[in-house]
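Welcome! Let's take a friendly walk through a protein structure, going from the whole chain down to a single residue.

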Amino acid sequence: MRYPIRLRVILPLIALAAGGAFCGAARAQTTRVKDITRLEGVRANQLVGYGLVVGLEGSGDSKQTQFTTQSVTSMLSRYGVAVPAGQVKVKNVAAVMITASLPAFARSGDTIDVTVSSLGDANSLQGGVLLQTPLMGADQAVYAVAQGGVSIGGFSAGGGGTTVTKNHPTTGRIPGGALVEKEVPMQLSSNGHLQFSLQRPDFTMATKIAKAIQASTGASASADDGGRVTVDLPEQYRANPVSFLATIGDLTVEAEPVNKIVINERTGTIVIGGAIRLSPVAIAHGGLTVAISTQPVVSQPTPKSKGATTVVPQVDVTTEEARAATVMLNGSTLDDLIKALNTIKATPRDIIAILQAIKEAGGIQGELEIL
């Protein structure tokens, strides 16, 4: 039997010269201001609530989940039914937590989606119905009320000691399952100013946005820092800045390319930004294969001896080192790097090691992020 063990050897990378070049000749792309910024004061709010899902087919919480029993007893008492907690069976009931996000400008009477998650030891929420549950914000005020059938997008079934489960049966959703009862006021402007937060802070992008707003609308705009742009609201829009905000949101600016390589070593995923700069480097890559084979050998005792027949493993170790493949990247583009890695037939894990070595040698003019 052979047990191959493959070891990859990444030889040191040598930075041959200084300087670099843009990766590729990609055309400049534009993006809308509203796609990369957020108006401060306009935001969603998280809601949470505790409730009961009923109508389960024996897949609810067990009797050991005391808070479910107490909740059922408390619910029945509100309807004038007095039942001792010790006599309540909750196998068709599950205690759940309900979470939702209340979007900006949601009005009373609007509906929002909710997520229902089991809190006890229920096996599945399949077929259950959530009873009316108030959803509260961080200030403990009720902003919505949730109720309805739970959709888990899967199933859990079994019998005879065998269980088949698809997706996650103890978490589900109720589309449009919550009714908004209270509105959250939103403040569009502050003392005659509009403040836009960048989703990805960048000094260059903040400056571009401020210049685009000033050139298009004539309003005074400035970049406070890499993450915020402040705009002076013109006098004619202070009563209702909606149309002015719509004009700003539709403005386009030239997108800033991201000089970053993101590596996920757990999955072997590599994402390389198109704006990565490369300095001239030489890459030498070779492989070392170690093969260990084990052959069972029967050892027989000598005649009339008191020994016993035994099986002795005979181990044979062989090594094979492949010839190193060398490529030269002289002020290369991203396309050249990918072609070079494909030429030496590097695996994803090899590429991860090569990119790390290039970064250490100063060959990558950008950020290397390892997840």
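This is a predicted model: local features need pLDDT of at least 70, side-chain atom pairs count only at pLDDT 80 or more; totals for chains, interfaces and linings use all residues.

The protein chain contains 6 helices and 24 strands. Of its 371 residues, 34% are buried. How do contacts relate to positions along the sequence? Among the contacts with a separation of 6 or more, 72% are between residues 24 or more positions apart.

Now find strand β12, which covers residues 171–180. Strand β7, made of residues 111–118, pairs with β12 in the antiparallel sense, and 6 bridges link the two. You can pick out one example: I112 has A178 in β12 as its bridge partner. Strand β12 also pairs with strand β9, residues 142–149. Here, too, the strands run antiparallel, this time with 3 bridges. In this pairing, look for A144, whose bridge partner in β12 is V180.

Is T65 buried or exposed? Its relative accessibility is 7%, so T65 counts as buried, because the cut-off for buried is under 20%. And which residues does T65 touch, leaving aside those up to four places away in sequence? They are G120 and D121.

Terms used: Residues are numbered from 1 along each chain as its sequence is written. Side-chain values use heavy atoms; hydrogens and water are left out. Buried means under 20% relative accessible area, exposed over 50%, partly exposed in between (1.4 Å probe, protein chains only). Contact means heavy atoms within 4.5 Å. Two strands pair if DSSP finds at least two bridges between them. Helices (H or I, at least four residues) and strands (E, at least two) are DSSP runs, numbered from the N terminus.
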